[in-house]
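Welcome! Take a look at the sequence and the model first, and then read on.

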Amino acid sequence: MSEIFTTLAVFWLCAFVFYVLVHRGLWIFSDVARTMGMFMLEKALGPGIDLVEGRTGSAARAWIMQSALWLMIGGLFTFEGMWLAHEPTALHSLSAWGYDPTADTLAATGKAATAFGGITMALVGCGLHILPNLLGTSLASERNGALVSFLYSGGVFVTLVGSHDPLILGVKVMVVGTGIHVLAMTAVVINQLLTVASRVGSIPMPAWLILLGLMAESFNLIAGISTGAINDGDGQWLMYRLQGSGFFFLSLAGVVLYASSVASGNALWSRTLVGATLLGGLFTLNPFGANHGTLVADLFGIDAGEMGMSSNDTVIVTFLMALASVPVIALSANTMLTMRGGNSSGANPSGAGLVEINFGVMAMIPVFIGSLFVQTDAVSGTDAISGLSWTIEEMSRWAVMVPLSLGSVLALYPSITGRQLASASRARTAFWLMSGAVLLGLMLNLTSSAIDMALLDAGVEDPSSLSHELAVAGSVIFYFAVVAMILHCLNMVSGLFRGDIIGEGTEVASSIEADTYNLASATTVSRILTSGAGMDTVVVPVGESDEKGSATDL
Amino acid sequence: MTNDDGFLQGENEPGASKVVLVGALVSALIFMVVYSILYPGQDYPVLSDFETFGSLTGGIWFFILGAVLGMFSIIATMITEATRE
C-alpha cells in the first residue's frame, strides 16, 4: 500500500477515534483526566500562573491582540522579501551589523510570522471565545489561555530567528521554535477539551469545525511520524497539505461562519453546507500554500526530500485536491449568504470585519483554482508553472487567510473585549488599503513572474525591463498592506482603552433608531428597514379611510 | 510653591497640533533632500561616519522608515493609553 494512502488512513482513523471519544468520554478515567488537566493548566505552573489575570475573555483578548501585531510584522517581512527579489543588495548596508538577509530568508520569515504568528493566533484566539459561547459554558482556564499566548509568541519569535539563521551554537533553532509551538498548542487543546467536557448541550457544527481543526495538528503529527512519511519529500508535502486542510481550513471555517453570523445578526444559512465543509476539510487535501514540503523538514530539523510520487499516488492526491473544491465552495457560499441574510442590498455591509470576510470568501475560489493548477503541476513532476508558485502561495495567505482571520477578529472584537474599535472610519481606510495592496500588488507580481517564466521557456537570456518594473510596482503597492496592518493595530490598541463600551446603546451601527413605525399603506420590508427601523421596532398599522370627510362629532 | 503668574495648561489636545507635527517631519525630509541637491555626492556630517548609515542606498529605506514609525506609534499608543488618567 502506498505511503500516501497509509498516512491519510492513520489521519482519518485518529479523527474518527477522537469523534467517538468526545461522545463516549474516557469511561472511568474521565474524572481523573479532568482533574489532571486542570492541575496541569494552573497549579502545576506554580507562581507563573499568577502573572496573568483570569477575567472572562482575557485569554481570547491576549491572543487576538498579538495576532494583529504578528500580521503587521509578517507583512513587513513579506514586503522586504518582494523588494529584495528585484534589488538583492537593498539591505546590504545592514551587513555592518552582521545582518545580511536574502530575498528567500525574508520571504520565509514573512511566511512564518504571517501563518504561525498572525493567522494561527487569530484563529486560536477566536476559538477560545467561540467554543465556550457555543457550548454554553466558560473557558476551563482563562489564566492559562492568556499566559500561553506569550509562550506561543516566544515560539514564533524563535522561528523567525531560525528562518534567518537555522543553526546557532550548534542548536537547530527551528526545532526549538517547533517545540515551543507544540507545547503551547498542547495547553490550548487541553484547555478547549476541558471546556468541551463541561458543556451543557450538544456540540453545534461550528464548534466541531474549531475542535477538529485544533486536533488536526496532533493527528497530522501522529500520522506523519508513525508511518515515517515525515522523512521523505512526498510525505513532507502531504503533512504540509494536512496541516492546511486540517488546522487552517477547518479552524478558519468554524471561526468565519460564527463571526459572519454574529456580526451580521443573521442565522447561519445552511447546516448541510457546514457539514460539507467539515467532512470536506477532513477527507480532502487543500491545495492552498507551498508546492513542496520543505517547511515541514525545516521545522523538524530533518533533511528536505525530493518529491517523486508514483502514478498511483499522483492520482490519489490529485483527486483529493480537486475534491477540495466542495468544502471551499460550500464555505464561500454559506458565508456570503449568511452575511447577506436574504436582504439583497446587504445587511450591515460596512461593519468592521464583515468587509474583510466578504473580500476573503470572494477571493477564495479564484485562488483555489490557481493553487490547484500549481499543485497538480508539482505532484506530476511537470514543473511547467512552478515559477508562479510563490505568488500564488502569497495570494492564498494574504488574499484569503489573512482577510478571513483578521475579519473574524475585527467582527468579534466587541464581543471579546467588551468595547468597540476606536474608530470605524480608520478600520474602513485600513480595509481599502489592504485590499488594494493585496489584489493589485500581488497581481502585478504574478504578471512579472509570468513574463520571466515565458522568457525562460523561450530561451531568452536578457532580463525583461517590463518584468522588473512590474515587480518594483508590485512590491511598492504591497507596502500598503503593512500600513493597513499598522492602522488596524492602532485601532485595536486604542479601542481597548477608549472604545465605546458595549451595552451602553452603542451596538447598532446606525445612529438612526426608530421605536415605532407607522404603517399607513402597503410597503416593502426593505423600505421599512431603510427608514431607520430595526429588528425590535414595533410596526403600528394606522387606519385610513377613503370616505368623504365630514364635520367632527362633538 | 504657588504659581502667581497665572500659568494655565488645558486638558484637551487641539487636533491641529498633529498637523504641525506632520508639517515639521515633512520639512525635515525636505531639508535632507535639499542638502543632497546643494552638495551632491557629499555624505551627511556625523551620520555618514557610521558604516550602516553611510551606505543607505535604495528606496526600500523610505518604506522601512515608515514601518518603523508605525511600530513606534503603536508602542507609544500602548504606553499613553495605559497611563492615561
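Let's begin with a helix pair: the axes of helix α6 (residues 173-197) of chain A and α7(A) come within 10 Å and cross at roughly 140 degrees. Axes here are lines fitted to C-alpha atoms, for helices over the stretch in contact, and angles run from 0 to 180 degrees between N-to-C directions. This is a predicted model, in which local features need pLDDT of at least 70, side-chain atom pairs count only at pLDDT 80 or more, and totals for chains, interfaces and linings use all residues. Residues are numbered from 1 along each chain as its sequence is written, while chains are lettered from A and ligands numbered from 1 in the order in which they are written. Helices (H or I, at least four residues) and strands (E, at least two) are DSSP runs, numbered from the N terminus.

**Helix pairs in chain A**

- α6(A) and α7(A) are therefore oblique to each other; angles under 35 degrees count as roughly parallel, over 145 as roughly antiparallel, 65 to 115 as roughly perpendicular and the rest as oblique.
- α6(A) passes α7(A) in a left-handed crossing, a term used if the near helix is turned anticlockwise from the far one by less than a right angle, with right-handed used if clockwise.
- On the α6(A) side the contact involves A:Met185, A:Val188, A:Val189, A:Gln192 and A:Val196, and on the α7(A) side A:Leu211, A:Leu214, A:Met215, A:Glu217 and A:Ser218. Two residues are in contact if their C-beta atoms, placed from the backbone, lie within 7 Å.
- A second pair is helix α14 (residues 389-417) of chain A and helix α16 (residues 465-498) of chain A, which pack at an angle of about 10 degrees with their axes 11 Å apart.
- α14(A) and α16(A) are therefore roughly parallel to each other, and their crossing is left-handed.
- A:Trp398, A:Tyr413 and A:Thr417 of α14(A) make this contact with A:Ala481, A:Met492, A:Gly495 and A:Leu496 of α16(A).

- At 1.5 Å a residue, the 22 residues of α7(A) (residues 205-226) should span 32 Å, and the end C-alpha atoms are 30 Å apart, which agrees. The expected span of a helix is 1.5 Å times one less than its number of residues.
- α7(A) has a kink of about 35 degrees centred on A:Ala216, where the bend at a residue is the angle between axes fitted to the seven residues ending there and the seven starting there.
- After α7(A) comes A:Gly228, with a positive phi near 80 degrees.
- For α12(A) (residues 325-340), 16 residues at 1.5 Å each should span 22 Å, and its end C-alpha atoms are 22 Å apart, which agrees.
- Among the buried residues of α12(A) are A:Pro327, A:Val328, A:Leu331 and A:Met339. A residue is buried if 20 or more other C-beta atoms lie within 10 Å of its own, exposed if 12 or fewer, and partly exposed in between, with C-beta atoms placed from the backbone.
- The cover over the buried residues of α12(A) includes α8 (233-264), α9 (271-283) and α13 (354-379) of chain A.
- Just after α12(A), A:Gly341 has a positive phi of about 60 degrees.

- A:His488 lies in helix α16 of chain A and counts as buried, with 27 C-beta neighbours inside 10 Å.
- Leaving out residues up to four places away in sequence, A:His488 touches A:Ala68 and A:Ala430.
- A:Ile302 sits in the loop between α10 (294-299) and α11 (311-323) of chain A, and its 15 C-beta neighbours inside 10 Å make it partly exposed.
- A:Ile302 and A:Trp269 are 33 residues apart in sequence and 45 Å apart in space, C-alpha to C-alpha.

- Most residues other than glycine have a negative phi.
- A:Leu169 has a positive phi of about 55 degrees although it is not a glycine, and is found in the loop between β1 (167-168) and β2 (171-172) of chain A.
- A:Leu169 is exposed, with 5 other C-beta atoms within 10 Å.
- A:Asp383, also not a glycine, has a positive phi of about 55 degrees and lies in the loop between α13 and α14 of chain A.

**Chain B**

- Chain B has three helices and zero strands, and 4% of its 85 residues count as buried.
- In chain B, 15 residues are in contact with 20 residues of chain A.
- α3(B) gives the most to the side of chain B that touches chain A, with nine residues.
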